[in-house]
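Have a look at it first.

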Amino acid sequence: MRRWFWWFLLVPQGFLLVGFLQDLGLPPLDMAVLTSLYLAWFAQRSALPFLLLGVAIGRTLVDEATLPVHILVIGIPVALLLPLRALFVAQRWLWQAVAAALLAIAIPKLAGLFGRAFDQPSVSSMLDGWQVVWSALLVPPLLSALRFLPPFVAFTEPTGLLKVVAR
Amino acid sequence: MVKKSAAFPAGLYAMLLFALAWLTLPRVFAPLERWLVGSACFVPRVGSAWMGEPAMAGNREELALIGELSADLRDRVKRHDFAGSGITMPNDDKSILCGVLSVGRRGGGGEPSELLLDHTYAELGDYREIVTKGSVLLGFLLKPGVGRAVDDKADDPARVILCNHRDAPRLYAGLESKDGTQLRFVIEPAASVDPAPLRVDFWDDPYRASKLQESQQRVYTLPVMFGQERVPGGLLVGRTRRWGYEQDDGQDTLTIGMFVTPAVAPRALSHVVVWQSGEHAAPPIEFQSSLRARRRIQATVYDLPGATHGRHMLVADEDVPDGAAVVQDGLFLGSARGLCLGSALVTSFAASRQDWSLLFLPPEGEGGPVELHGSVVRTDGNVAWLRWTGPSREQLARLGEGFLFTGSNGKFCPACLWIGRAVPDQFERNLLKVIVPVLRGPRIAEVIVAERDV
């Protein structure tokens, strides 16, 4: 129960923190990309629905679309990437970088699509090329650290806690 | 090996289905969202205690300017919307300016064809059927319990069907051709896939009609000689749009169809004029309608740390309705999404991407306000680029530097709230550059909420 408390307390605030760091001059990084890749490849499958809810709540704080739209925008890429988890047991950084870049493109596109479909356009539907580049560069090292830190560590599958195999 | 049950994340799929159900029935799940997101706002709300003392207001000169401009806009809206009408209306008829709460239902040309007004049927009393704006015919006010308004009651918002609604009556109209003669015809609502909302159905002289070479000619209603007159003559319906085949060798185009584009785009409408009959005038009753929410409650607006510029948190003593306008001394700060325990998230005009109904006020002496419809497509600091539709050609020609105000954007976001200065983009005429004032730090504001005891 305690791990859920920390998840719902810290992860939504992470969206504000990432934006705050960007205001200070750090590279643009979409917290939704980071968390959705964590959900797809490292998080416990049984916990996914409510982990997703926590991430969607965080995105609602920084984006004008409603909560269910964010659940779909983040949940659909997670559902698509999830079956690939078995193929990436070694968690190689190259695949993580490719997946992060794809997510940085897919999430704004899905936000635009659902924004039009449900009449909830939002500023996050704008595709930013720099964000794609920085996601590919920063998400793998950040994930390798974050999944050993609370509140992520409490939801990481045992295979996800293995060290990165450099080949 | 991964177990089959683990490979198929039923919980995740169930959550996605639940989100779809949530979007289908937003009212049912609205309290859940208010509590979930409101709980996440608890941390910034506690943190707001260290954000400093809220500022009260801007400087006196700015406040005076905003006050003057808002008063000028209201005055010019009335002058412009009432002008022109009444020429053929009975003298003792009384005109009432009504705000538009919402537009909806796709009609001819794929454009919206229904309006809900901020007055109830009961408030309007014994009203005439036609709805106008200046000298323009917009549509027809329905009667509660009859036809399309069969489910409406007297205390519901009055419903207007525009001329392109499929239930709208056909209009007897005409245009003045180049040789000075009049060409008469009947207009009916076009199909939703047609290129314009209205189409000409029947000509008095089909041969002359086929020779028409001009577009954008003004179309006016004509008085009928026989039967009951539903629409007086002389009201502007719109402008013609010719449909036909291009001929080779510079020959005239072969006209095969004529459409009419309404004089005012439905999505841009902020105000309309309804006519109360003077024949059996009932004594005026002062209503305090819940449809025109004007009660303002005090709130404090905080910048959300790190959120996209223009995203704020609001703390008030009461629950804030969704879409409520947040105002500081006449300046529109943004629209709110209500959360639990009196908190709300506010998105400023520049940071929003929603569709807005807007009013553009040209400098004094340059005509009436222009009604626009548009959404912000790009933001750079305190400058937002708005892609707009709505103004007619004449209005477009005189669109220079001016001031942008909210139009009617629902029950809790009324017209005439100052947004910023606006100037058409140099390179793209359908872009408006809007310069909004920069405000930082916590400040005291007001939120428009529902009336208490109605």
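This is a predicted model. Start with Val326(B): leaving aside residues up to four places away in sequence, Val326(B) touches Val301(B), Leu314(B), Leu333(B), Gly334(B), Ala336(B), Val346(B), Ala445(B) and Val447(B).

Two of those names come back when you zoom out. The largest nonpolar core has 163 residues, and Val326(B) and Leu314(B) are among the members that touch the most others, together with Leu37(A), Leu52(A), Val272(B) and Phe405(B). Domain 1 (41–62 + 292–449) and domain 2 (93–280) of chain B both contribute residues, so this core lies between them. As a rule, nonpolar side chains in soluble globular proteins tend to be buried together.

Now for the place where the chains meet. On one side are 37 residues of chain A, in contact with 32 residues of chain B. Helix 1 (2–23), helix 3 (48–62) and helix 4 (67–81) of chain A each give two or more residues to that side.

| Class on the chain A side touching chain B | Count |
|---|---|
| Nonpolar | 25 residues |
| Polar | 9 residues |

What about chain A as a whole? It has 6 helices and 0 strands. Its radius of gyration is 15 Å, close to the 15 Å that the globule rule gives for 167 residues, so chain A is as compact as a globular protein of that length. Its C-alpha atoms fill a box of roughly 45 × 35 × 35 Å along the principal axes. Of the 167 residues of chain A, 49% count as buried. Among contacts in chain A with a separation of 6 or more, 74% come from residues 24 or more positions apart.

How values were computed. Residues are numbered from 1 along each chain as its sequence is written. Chains are lettered from A and ligands numbered from 1 in the order in which they are written. This is a predicted model: local features need pLDDT of at least 70, side-chain atom pairs count only at pLDDT 80 or more; totals for chains, interfaces and linings use all residues. Helices (H or I, at least four residues) and strands (E, at least two) are DSSP runs, numbered from the N terminus. The radius of gyration is taken over C-alpha atoms; the globule rule is 2.2 Å times the number of residues to the power 0.38. A residue is buried if 20 or more other C-beta atoms lie within 10 Å of its own, exposed if 12 or fewer, and partly exposed in between; C-beta atoms are placed from the backbone. Two residues are in contact if their C-beta atoms, placed from the backbone, lie within 7 Å. Ala, Val, Leu, Ile, Met, Phe, Trp, Tyr, Cys and Pro count as nonpolar, Asp, Glu, Lys and Arg as charged, and the others, Gly among them, as polar. A nonpolar core is a set of buried Ala, Val, Leu, Ile, Met, Phe, Trp, Tyr and Cys residues joined through C-beta atoms within 7 Å. Domain bounds come from an automatic or database domain assignment.
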